[in-house]
Amino acid sequence: MTLARAKAKSDSEGLLPAHFTRWFAARGWRARPHQLELIARAQARENALLIAPTGAGKTLAGFLPTLIELDAGRRNLAGLHTLYISPLKALAVDVARNLETPVAEMNLPMRIETRTGDTPASRRQRQRRHPPDILLTTPEQLALLLGSADAEYLFAPLRRVVIDELHAIVTSKRGDLLALGLARLRALAPAMTAVGLSATVRDGDELRRWLAPQTADHRISMASLVTAPAGASAHISMLDTRERLPWAGHGALHAMQEIYAAIAAARMTLVFVNTRAQAEAVFQQLWRINDGNLAIALHHGSLDAGQRRRVEAAMVEGKLRAVVCTSTLDLGIDWGDVDLVINAGAPKGASRIAQRIGRANHRLDESSRAILVPANRFEVLECRAAIDAAAAGEQDTPAAREGALDVLAQHMLCRACAGVFSADEFFLEVTSAEPYARLTRKDFDSTLAFAATGGYALAAYDRFAKIKRNRDGLWRIANPRVAQSWRMNIGTIIEAEMLKVRLTRARSAKTNDGARYTGMLTRSGRVLGEIEEYFLETLAPGDTFLFGGEILALQGIVENEALVNRAHGESPKRLPMQAGKFPLSTYLAARVRRMLSDPSCWQHLPEQVAEWLELQRRFSALPGAQNLLVETFPRGGKFYLTAYPFEGRLAHQTLGMLLTRRMERLHMRPQGFTANDYAITIWGLDDIGARLRAGNPSTGALFAQDMLGDDLEEWLDESALMKRTFRNCAMIAGLLERRFPGKEKTARQMTMSSDLVFDVLRRHEPDHILLRAARADAMTGLLDLARLAAMLSRIEGRIMHKDLERISPLAVPVMLEIGREPVYGEAQDAVLAEAAKDLWNEARGA
Amino acid sequence: MSGMPKLTAQGPAASRAALLRIADVDCLADCSGVMFIPGAQALVVADLHLEKGSAFAQRGLMLPPYDTQATLAALTRVIAHYAPKLVIALGDSFHDAQAGERLGMESRGELKALASGRDWIWIGGNHDPVIPDGLGELHSSFTLAPTTTGALTFRHEPSPALLNASSAAGEVAGHLHPAARAVTRSGSARRKCFIADGSRCILPAFGAYTGGLSIHDAAFNGLFSEGAIAYLLGRERVYRVAAAQCL
């Protein structure tokens with residue numbers, strides 16, 4: 001043995017075969033301790049969780065044990081050895097490509113293949129008959145394979161499952177489905193172990209439990225934990241703008257010159273924003289000032305897939321200087337040599353921002369560089385809190401989920417499609433998956449009844465059952481059509497109702513009033529992409545909006561297409577849905593509240609912001625870390641109530657709905673409300689302040705937790721958000737089909753019928769399992785009820801009411817959002833600035 | 001984000017219906033989705049689609065089996081309100097030809113009770129070209145042909161060639177399930193609706209599981225003159241909006 005080889009062997013403590021060590025050395029690398037530890041865990045046949053920062057060789061760590069095992073021929077069976085699952089099909093393809101290098105260079109004897117929705121049918125069939133050694137795929141493809149008659153043959157030899165970006169998967173229903181799939185895999189391949197690869201999370205134990213089979217005796221079992229050391233800490237700064245900080249809005253348009261300068265000074269910049277609308281606006285503004293003609297591109301989920309692929313390819317080739325993007329680029333692949341990340345707008349969460357920052361410099365030893373650009377004054381506080389959280393290394397990833405019943409219903413069909421099963425054994429298997437470990441047998445049986453016949457009290461559908469119990473007590477599918485329909489409707493990702501955006505022949509804007517919809521519009525032009533239907537719901541014909549970097553005018557909606565033409569030389573009139581999908585995290589909110597209540601923290605804030613808070617302290621009061629500040633004041637002949645819960649837009653909207661209902665009942669004549677991530681304001685014709693002073697009602701009574709009782713139930717009856725939630729559950733559970741075999745049903749018609757089903761079901765069977773599933777979603781989803789409930793309980797007995805003579809400084813931002821159509825463009829900004837100035841002067845008593 | 005305005009009633013209970021005129025016959029477009037013709041004491045209802053839920057269940061989509069119950073309950077309420085001498089069902093009253101076999105005993109009884117003491121005309125539609133079995137005396141009033149009463153012709157599918165100027169007669173039809181989205185400054189709402197000009201009215205579908213088709217869909221092309229009005233169904237009243245202003 002040469003000296004070099006002996007040294008290499010001692011380095012890796014015998015875990016890494018010599019030719020692997022040589023391969024590392026040839027590239028100037030050494031196997032990292034966490035990579036070696038994961039090999040040791042694999043050899044001990046343990047489930048394992050690897051938590052590692054971006055750039056730590058996470059994926060290679062996940063695969064090394066597989067490569068070593070396959071190379072050593074330590075296999076009893078031929079067939080599939082390792083299954084790799086990624087949330088993104090592009091990531092699966094990318095990882096397969098990256099694996100080819102070590103496999104080819106070390107001449108390892110193994111076949112690696114991917115399987116995604118794009119894989120041709122012939123290859124998929126071949127993969128089932130002659131499986132590769134390593135298969136890289138997505139959670140949906142895994143479910144399809146598990147529901148095929150070949151599942152047993154295919155998965156029996158399986159030794160390892162590697163789940164990438166585990167932290168991102170487990171927070172959604174996709175994670176529930178994958179957890180059930182994992183339990184199924186364990187039943188088919190008892191020797192299999194699972195490895196999860198994750199970014200840093202708030203609570204690693206949750207992921208460790210997720211990876212390990214749980215037992216009926218409720219003793220918690222966990223996967224082993226392997227942690228890679230954190231990389232160089234990121235260099236995060238907040239843009240110290242020379243401009244006047246806006247009071248409201250999310251576009252950060254005031255800072256475009258400064259953002260542009262930062263782009264010009266860097267090699268390659270990712271500019272993250274929170275919504276498609278913001279991406280459009282920022283992109284348009286950057287090009288307006290792009291004197292250097294820098295290659296700046298746009299990337300978001302609504303753009304045509306071909307266009308996105310072109311942008312990604314250009315990034316990899318280093319042809320771009322900046323990409324303005326949404327969360328579509330949050331995860332996964334290295335799209336090139338990014339050296340700067342700019343986050344325009346609110347960070348929303350500490351972990352979210354940490355991961356975005358991790359997109360710069362995928363090398364551990366160099367620190368990533370990031371600039372946070374707050375778009376308004378509250379966002380300054382949020383950015384400050386996020387920077388402090390990053391410095392403290394704190395995380396706020398969402399808490400673990402309880403498994404959704406609609407997902408379980410879908411998985412039950414999957415199980416039945418694969419072959420007959422016993423309900424008792426299946427219950428044990430399902431509850432071995434951590435999200436379902438606390439599922440009761442009663443709920444399991446109700447879900448099974450739902451999957452079979454709809455599970456209604458009125459047992460009208462027994463003869464139409466999809467799955468039936470034989471005389472031997474085993475369940476099976478009733479006919480092959482059931483399997484076909486299940487395959488067509490698989491997965492937990494329900495697309496929002498999308499409309500294609502199609503260019504049509506321009507019509508004269510002067511002569512088209514009234515006659516716009518008589519007769520067919522010409523549907524001749526090309527499709528520019530897709531847009532959520534509810535984005536368009538607030539547009540009137542002729543209104544202009546930004547899409548794909550262009551200003552378009554809506555001509556009309558025909559079937560599932562929005563017909564538009566190019567509107568030259570105008571500012572877009574409207575941009576619906578300005579706020580992001582993600583509410584401010586509870587953790588950041590708490591930090592912001594602490595910062596607000598403690599003036600000694602303000603020295604780290606821009607002067608304009610500190611001055612604003614100081615005025616608030618003098619004219620009204622500062623919200624405390626735990627209490628709720630409620631202000632009342634008259635303005636323009638109306639009376640306002642403004643509260644500052646800092647619980648995120650979704651919870652605030654729900655609060656607004658419930659508070660206005662309660663005020664209506666108390667004859668306080670509320671007229672409307674507006675909510676943002678930080679505050680809510682309600683206005684009406686009655687002197688709300690006087691009523692509260694007189695204790696009619698008291699502030700405590702107004703904000704009492706019992707608003708989550710009858711008021712909530714009544715509101716849910718008609719809430720569009722609840723109906724959308726129900727629709728998703730109904731489709732996941734297989735109550736409604738996304739596509740009928742042979743004919744596409746458009747989402748527009750589907751929405752209509754899911755609303756009708758919701759109405760009928762609520763009236764006739766309010767405790768039906770699907771309504772329970774929808775309510776469980778509403779707790780954390782679009783209605784964020786859990787957070788609202790926690791807030792109401794936190795502030796009980798701690799409400800500080802300030803009855804003011806005029807609007808307070810802190811109320812200015814939320815007041816500016818009243819009745820305001822989200823607008824971008826210079827003309828609109830001028831109007832806004834004017835309105836803001838008036839309010840500000842008023843607040844100061846000037 | 002602001003709270004959306006709701007389409008809820010403001011006016012007195014008497015305004016639950018809007019007056020519209022077809023071939024100079026006064027008709028009321030009721031917020032439940034039926035039409036009442038005071039002159040003839042006739043109530044017109046379109047597209048009940050009874051037993052649609054069980055039709056889906058046959059194909060493996062287990063929709064709640066309460067739609068027939070819900071539809072008949074709503075129909076019972078509006079018939080009690082207007083106490084018509086004549087009911088005209090404009091076709092697609094039953095979701096398919098086997099709907100009668102699946103119809104529960106209770107629902108049969110309800111149907112018969114509704115029809116007793118008044119005239120009832122079932123016009124056949126594309127979903128129910130024959131009246132389902134087991135409905136007793138209801139059979140005698142089943143017809144596939146359009147029915148004419150005075151100046152108005154009642155039929156399932158609107159006739160394509162009504163818009164010629166010589167025709168003085170009016171038409172009342174169903175089949176298309178019209179719906180429209182009204183847009184205001186502060187939001188929009190999509191509802192089932194009547195759509196009418198002076199010579200024709202298409203009724204919204206009444207059934208609990210019947211959806212809506214946009215009045216701007218190609219299926220409505222050439223059926224209405226430019227000044228057509230949509231009557232959107234609110235909870236307690238009907239909202240009159242020019243069809244051209246709906247999205």
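In this predicted model, strand 10 of chain B spans residues 170-173, and its four residues divide between two directions. B:Gly170 and B:Val172 point one way. B:Glu171 and B:Ala173 point the other way. In a regular strand, side chains alternate between the two faces of the sheet. Each of the residues B:Gly170, B:Glu171, B:Val172 and B:Ala173 is buried.

Strand 10 of chain B pairs with strand 9, residues 152-154 of chain B, in the parallel sense. Three bridges join strands 9 and 10 of chain B. In this pairing, B:Phe154 has B:Val172 as its bridge partner. Strand 10 of chain B also pairs with strand 13, residues 200-202 of chain B. That pairing is again parallel and again runs over three bridges. Here B:Val172 stands opposite B:Cys201 of strand 13.

B:Val44 belongs to the largest nonpolar core, a set of 319 residues. Together with B:Val45, A:Val271 and A:Val324, B:Val44 touches the most other members of that core. Helix 17 of chain A, residues 405-418, supplies the largest share of the core, with ten residues.

Chain A as a whole has 846 residues, of which 51% are buried. Its secondary structure comprises 33 helices and 27 strands. Among contacts in chain A with a separation of 6 or more, 74% link residues 24 or more positions apart.

How values were computed
Residues are numbered from 1 along each chain as its sequence is written. Chains are lettered from A and ligands numbered from 1 in the order in which they are written. This is a predicted model: local features need pLDDT of at least 70, side-chain atom pairs count only at pLDDT 80 or more; totals for chains, interfaces and linings use all residues. A residue is buried if 20 or more other C-beta atoms lie within 10 Å of its own, exposed if 12 or fewer, and partly exposed in between; C-beta atoms are placed from the backbone. Two residues are in contact if their C-beta atoms, placed from the backbone, lie within 7 Å. A nonpolar core is a set of buried Ala, Val, Leu, Ile, Met, Phe, Trp, Tyr and Cys residues joined through C-beta atoms within 7 Å. Two strands pair if DSSP finds at least two bridges between them.
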